[in-house]
Amino acid sequence: MESNKLRLIDANLNRLREGIRVVEDIFRYVYNDKETSLKLKNLRHLARLDIYNEMLETRDVANDVLRESIKSEQNRNDLYSILIANFKRAQESSRVLEEFCKLISIKDSETFKYIRYELYTLETVLTKITSNSK
């Protein structure tokens, strides 16, 4: 696979796992919710590909054209806004991975589709819990 596509997949895998991890840690440490934390942890662990070394070789953080944060990424008003931002980050990344993994493996593509739909469902339930944290 072309290095620029591997780089895109690597970036989105990182984004997906990071977004899930933020949500997972909110439910683990703020709400002490073992069941939800474990569900999120399991989703995060599903977000893996067997081409790790190939992706790592294409990583070029220093030359990322959008490395700098924009204003909206720097503003979080409360726990709820952190939760929403990270759900969206993870959902968007899983969609990109779903599409680009079609170039590698339909099975992997379907895994990322599954993760995306699980995140949609969890977002609906979990944002209700945190909405009073606004």
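1. Just after H1, Asn32 takes a positive phi of about 50°, although Asn32 is not a glycine. Most residues other than glycine have a negative phi. Asn32 sits in the loop between H1 and helix H2 (34-46), and its 63% relative accessibility makes Asn32 count as exposed (exposed is over 50% relative accessible area, buried under 20%, partly exposed in between, with a 1.4 Å probe and protein chains only).

2. A word on the basis of these notes. The model is predicted, so local features need pLDDT of at least 70 and side-chain atom pairs count only at pLDDT 80 or more, while totals for chains, interfaces and linings use all residues. Residues are numbered from 1 along each chain as its sequence is written, and side-chain values use heavy atoms, with hydrogens and water left out.

3. On the overall fold, the chain has 6 helices and 0 strands, in the order α-α-α-α-α-α. Helices (H or I, at least four residues) and strands (E, at least two) are DSSP runs numbered from the N terminus. Of the chain's 134 residues, 34% count as buried. Among contacts (heavy atoms within 4.5 Å) between residues at least 6 apart in sequence, 79% join residues at least 24 apart.

4. H1 deserves a look of its own. Its 28 residues reach 40 Å from first C-alpha to last, close to the 40 Å expected at 1.5 Å a residue (the expected span is 1.5 Å times one less than the number of residues). The buried residues of H1 include Leu13, Leu16, Ile20, Val23 and Phe27. As a reminder, an α-helix has 3.6 residues a turn, so residues three or four places apart point the same way.

5. How do H1 and H6 cross? The axes of H1 (residues 3-30) and H6 (residues 106-130) come within 12 Å and cross at roughly 30°; axes here are lines fitted to C-alpha atoms, for helices over the stretch in contact, with angles from 0 to 180 degrees between N-to-C directions. The two helices are therefore roughly parallel (under 35 degrees; over 145 is roughly antiparallel, 65 to 115 roughly perpendicular and the rest oblique). Their crossing is left-handed, meaning that the near helix is turned anticlockwise from the far one by less than a right angle, with clockwise giving right-handed. The contact is made by Leu13, Leu16, Ile20, Val23 and Phe27 of H1 with Phe112, Ile115, Leu119, Leu126, Ile129 and Thr130 of H6. By class it has 10 nonpolar, 1 polar and no charged residues (Ala, Val, Leu, Ile, Met, Phe, Trp, Tyr, Cys and Pro are nonpolar, Asp, Glu, Lys and Arg charged, and the others, Gly among them, polar).

6. H1 against H2 has another make-up. The axes are 8 Å apart and pack at an angle of about 165°, which makes H1 roughly antiparallel to H2. This crossing is left-handed. From H1 the contact includes Arg17, Arg21, Glu24 and Arg28, and from H2 it includes Lys41 and Arg44. By class, the H1 and H2 contact has 5 nonpolar, 2 polar and 6 charged residues.

7. Do check Arg44 in H2. Arg44 is buried, with a relative accessible area of 9%. Not counting residues up to four places away in sequence, Arg44 touches Arg17, Ile20, Arg21 and Glu24. Arg44 and Ile115 lie 71 residues apart in sequence and 8.5 Å apart in space, C-alpha to C-alpha.

8. Is Ile115 buried or exposed? At 0% relative accessibility, this residue of H6 counts as buried. Beyond its neighbours within four places in sequence, Ile115 is in contact with Leu16, Ile20, Leu43, Leu46, Ala47 and Ser94. Gln91 is 24 residues from Ile115 in sequence, with 8.1 Å between their C-alpha atoms.

9. Last comes H5 (residues 79-100). Its 22 residues should span 32 Å at 1.5 Å a residue, and the end C-alpha atoms are 32 Å apart, which agrees. Buried residues of H5 include Leu83, Phe87, Gln91, Ser94 and Glu98, and the buried residues of H5 pack against H1 and H6. The axes of H1 and H5 come within 8 Å and cross at roughly 145°, in a left-handed crossing. By class, the contact of H1 with H5 has 18 nonpolar, 5 polar and 4 charged residues.
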